[in-house]
Amino acid sequence: MSAFHLATFACDVTPPVGHPLCGGWIEPVRRVVDPLRALGVVLLGMGEPIVLCAVDWCGIRNDAYAFWRQSLAKSAHTVPEKVALQCVHPHDAPFADLAAERMLEAIPGAPPMLDCRFFERVVQSTSKAVQDSLALTRRFTHIGLGQSRVERVASNRRVLGGDGKVKYWRGSSTKDAKAREEPEGLIDPWLKTVSFWQNDRPLAALSYYATHPMSYYGHGEVSSDFCGLARQKRQEEDPKVLQIYFTGCAGNIAAGKYNDGSPANRPVLRDRMLAGMKAAWKATERFPVTGWDWRVEPVKLPPRTENSFGVAESQRVLRDPKESKARRGNAALHLAWLERLDRPIDITCLDLGKALILHLPGEPFIEYQLLAQRLRKDAFVCVAGYGDDGPGYIPTSADYFQGGYETTVALAGPPSEAILQQAFGKLLKSKNP
């Protein structure tokens, strides 16, 4: 049997006081409640190394994503196509798009989104962490697979009325009692954990679950929030096993049914996530590693065609000081997206035999995660969203006609669903239609 090796790395990516949060649309950093981390693994032994990295940031888009991915690849002695860089998506965290930031900086008084010098330092630090990890690789012989239901966390944000339109919209927190009384709606209740082992010794655990990871935000208090805090408690329980958390297809999923936004509810949600992580670990079964395959499918997602998404309107909003910070920031992000349309987005899949891990861009809706699982009912399918966040939300084609917040800011159009479905079939090697 070939020798397979694993390197693990960790890096602090916490922004300094005064740095913009969530793209500059909320209060900047006033204090750090808990630090933000970039955590990952490097797999070696099957050709060019594979890098999987989860970052406690809100989003990394377009050229910022390409730059960070290229830097990690160089440090791991691999190619960018073999790097999966995903965000966890807490909102009291930075949002990175270099082209959008340059547009904002060119307009006096426009709200900043990112300190580019800080961004470059973070990329250098994570890349060095990857490079340093290669001197401390450990052989791994098995993967572990385990899953557990997470209770009273996830709920669908989009509650439809009898007319098929969005009746209630439940964000990360919801104070409307009637909206919270509605059923959970379509979710994926399962937290899945893929782990790497040296015989009977665990080395790293990668957990996947689909929900927006915020309990409350917007007060300038940096935090990885309840998902990151649950991950940290698992880390404290077993310091020898690196714990990494990936957010799944959570574009239309949040804790709104179970969260009123009070600070006291953050540890409640944390402990529910923690219970799911511990139960998935307890249910883990180990399987020998015989190798893996890494597949890449480049896709081009089409832009929105409505006049409100045109270049002229976005430039108007960007330059208008009377517009809100959020709208001006979104306009810059949209223009940056339009500038990069000719550069495809890589969708990638790590095929470990019994398990497949699919890495997606943007904020995909839960339907994409459930589709991936249906296409490979014979395998343990995990999905990580929030890769290259250039397109932002990725609804299904039907969702655009139902209304709701997500469709007002999604930058890719309805044909994206068919394009992604075709890519899934190739990446998952599915024989299903």
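1. The chain has 11 helices and 24 strands; helices (H or I, at least four residues) and strands (E, at least two) are DSSP runs, numbered from the N terminus. This is a predicted model, in which local features need pLDDT of at least 70, side-chain atom pairs count only at pLDDT 80 or more, and totals for chains, interfaces and linings use all residues. Residues are numbered from 1 along each chain as its sequence is written, and side-chain values use heavy atoms, with hydrogens and water left out.

2. Along the principal axes, the C-alpha atoms fill a box of roughly 65 × 45 × 45 Å.

3. Five strands form an open sheet in the order β16-β14-β13-β9-β18, with mixed pairing; two strands pair if DSSP finds at least two bridges between them. The edge strands, β16 (242-247) and β18 (285-288), each pair on one side only. From one strand to the next, the twist averages 20°.

4. Within this sheet, strand β14 (residues 201-209) pairs with β16 in the parallel sense over 6 bridges. A204 stands opposite L242 in β16.

5. Strands β11 (residues 158-160) and β12 (residues 166-169) run antiparallel and are joined by 3 bridges. R158 stands opposite W169 in β12. The hairpin of β11 and β12 has 5 residues between the strands, and G164 takes a positive phi near 80°.

6. Helix α7 (residues 311-319) packs against helix α8 (residues 325-339) at an angle of about 140°, with the axes 8 Å apart. Axes are lines fitted to C-alpha atoms, for helices over the stretch in contact, and angles run from 0 to 180 degrees between N-to-C directions. The two helices, α7 and α8, are therefore oblique to each other: angles under 35 degrees count as roughly parallel, over 145 as roughly antiparallel, 65 to 115 as roughly perpendicular and the rest as oblique.

7. In the contact between these helices (heavy atoms within 4.5 Å), α7 contributes V311, E313, S314, Q315, R316, V317, L318 and R319, which meet R327, R328, A331, A332, H334, L335 and L338 in α8. By class, this contact of α7 with α8 has 7 nonpolar, 3 polar and 5 charged residues. Ala, Val, Leu, Ile, Met, Phe, Trp, Tyr, Cys and Pro count as nonpolar, Asp, Glu, Lys and Arg as charged, and the others, Gly among them, as polar.
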